[in-house]
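Thanks for coming. Please have a look at the structure on the screen, and I will walk through one part after another.

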Amino acid sequence: MKVAVAGCCHGALDKMYETLELLQRRHNVRPDLLLCCGDFQAVRNEADLRCMAVPAKYRHMQTFYRYYSGEKKAPVLTVFIGGNHEASNHLQELPYGGWVAPNIYYLGYAGVVRFRGVRIGGISGIFKSHDYRKGHFECPPYNQQTIRSAYHVRNIEVFKLKQLKRPIDIFMSHDWPRSIYHYGNKKQLLKMKSFFRQEVESNTLGSPAASELLQHLKPTYWFSAHLHVKFAAFMQHETNSKDELPKATKFLALDKCLPHRDFLQIIDVEHDPNAGDSLEYDAEWIAVLKATNSLVNVTQSSWNMPEKNGLHAKWDYSVTEEAIKEVLEELNNDLKIPCNFTLTAACYDPSKPQKNMEPVHTINPQTTEFCAQFGLTDINDRIQQAKEEGSGRGECEEEEEEEMDSTGSAEEPSEYNTDNSGLSSFNPDEIMLDDEGGDEDLSTCSVDPSPDHPPEFSTSFSDIRIMPDSMAVSSDDAMDSNNEELEKSGGSKQVEEKSSTERSLKRIGGDENGDSGVKKIKRRNQAIYAAEDEDK
């Protein structure tokens, strides 16, 4: 089947879907599935805009609200992960995944699903060592710290994914796995993004948690975004035993969704011709969620996952075939994900703007149903319980100031030596946050709705080019190949668009207006993975 893969969408759903329709019209290529690697920006209303960690000039309504309201419907099944520029309050409603609009599915903090027999996994957010070992404690209305930490990867999600034993076909992460640049055309990458050089040479660019998952899961494909540059790599994995067959991963990072940017890729993926066209649960993943449910943490205290170090009675939470069979029996062998999308917030109305709409903490009925069906902890319900108990651990109003540096406190050292606050490089294509200067306030938002009429596409829509089946790239910098030449032969198709346009818990319904009291964020030219700022 044909799978379209997009980089950072930044809310430009109309542009993505119009590009796919143009592809079909001009080249008779129709993808069966669309994957988006983060920064999707499922913004429903003005309150959602205020929960997005971006400077005010990037706070635009875009077009997702039209799909949320039902005015439009995604023409192709769309599956996405979260990035570091999201309506975190919306995605937080679905920690285990769910529908954000008809035909648009979010994978959750981490998740695995199946489509036509193809196994698709992903992890949302970006890596920051100082939040990695915390629980998911944040809830709206966010403050200046939690609006950022809400999208930081947590060790429990990585731990869950590492319990998987069955092969993964496709995996998505927003930030790149650390060291992946050594398996592609590094010289060409640094030619396009020279400010990456210091981090590439010191091997500190990217997520060490994603790298750990890459080495463990060894998926056939791995897709990322975040750095706003296209980059291909081919990683041959080491075998753990003589009986294990060699495995390799084809890695591809996509550019952001903008005119004249190479943001979309079409690949051919082997699938089960006898499988249905519905998105399905993955039985092993559900079994892993059940097995690890006791590890759920909604405090901001740092903690380690169980490991074989003499401190834990149990450290292996991988599941047996019997446990997987039990999941299948619970579902009567019907793994189809129910189409149970429900509106949980008022939709943006261009004729009636509500710039002071208050973000609220909402429990989504999809999550309630999912947790009840599989006996799982509803994370948002647990946060609310902690808040009501006055423990302070799950408190939403003001997070206690933590005096720690980028690698954690002396008492609770970080699992990874990762962040590089001293670097002076920055990515001019990425949205930055700043701790210094300016007085932008998240308590108000400037809504800039998208045009009512879709943009016209230029007739200079480029020809489809071919990506090699192997995507094999030498790690030797002396080999002066470049990515464009590598993409001229093989089995998948690439699309370039060239266009001249471009605090109360609430269960369902109702919105509240008023000032949020959320603190300000600003802009700084820092390293992409500087410890103080999340959006590089």
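Predicted model: local features only at pLDDT ≥ 70, side-chain atom pairs only at ≥ 80, totals over all residues.

I will begin with a pair of strands. Strand E10, residues 231-236, runs antiparallel to strand E11, and the two are joined over 6 bridges.

Strand E11 covers residues 248-253 and is mostly covered, with 5 of its 6 residues buried. As a general point, strands of a sheet pair through backbone hydrogen bonds, in either the parallel or the antiparallel sense.

In what order do the 7 strands of the open sheet come? The order is E10-E11-E9-E8-E7-E6-E13, and the pairing is mixed. The edge strands are E10 and E13, the latter being residues 279-281, and each of them pairs on one side only. On average, neighbouring strands of this sheet are turned by 25 degrees against each other, if direction is ignored.

Further along the order we come to E7 and E8. Strand E7 spans residues 118-123, strand E8 spans residues 170-173, and they pair in the parallel sense over 4 bridges. In this pair, Ile123 has Ser173 in E8 as its bridge partner.

Next, the inside of the protein. What is the volume of the largest cavity? The volume is about 190 Å³. This cavity is lined by 19 residues, and those closest to its centre are Tyr106, Tyr109, Ser124, Ala150 and Tyr151. Which helix gives the most to the lining of the largest cavity? That is helix H4, residues 88-92, which contributes 3 residues.

Last, the chain as a whole. The protein chain holds 15 helices and 19 strands. The chain has 536 residues, and 59% of them count as buried. Its accessible surface is about 21,000 Å², with 45% of that belonging to carbon and sulfur atoms.

That is where I will stop.

Conventions
Residues numbered from 1 in each chain as written. Heavy atoms only, no water. Buried < 20%, exposed > 50% of the residue type's maximum accessible area, 1.4 Å probe, protein only. Areas by Shrake-Rupley, 256 points an atom, 1.4 Å probe, with all protein chains shown as cover. Pairing = 2+ DSSP bridges. Axes fitted to C-alpha atoms, helices over the stretch in contact; angles between N-to-C directions. 1 Å grid on protein atoms, 1.4 Å probe; cavity = no way out; pocket = protein on both sides within 12 Å on 5 of 7 lines; lining within 4 Å. Points joined across faces, edges and corners; volume = space filled by probe spheres on them.
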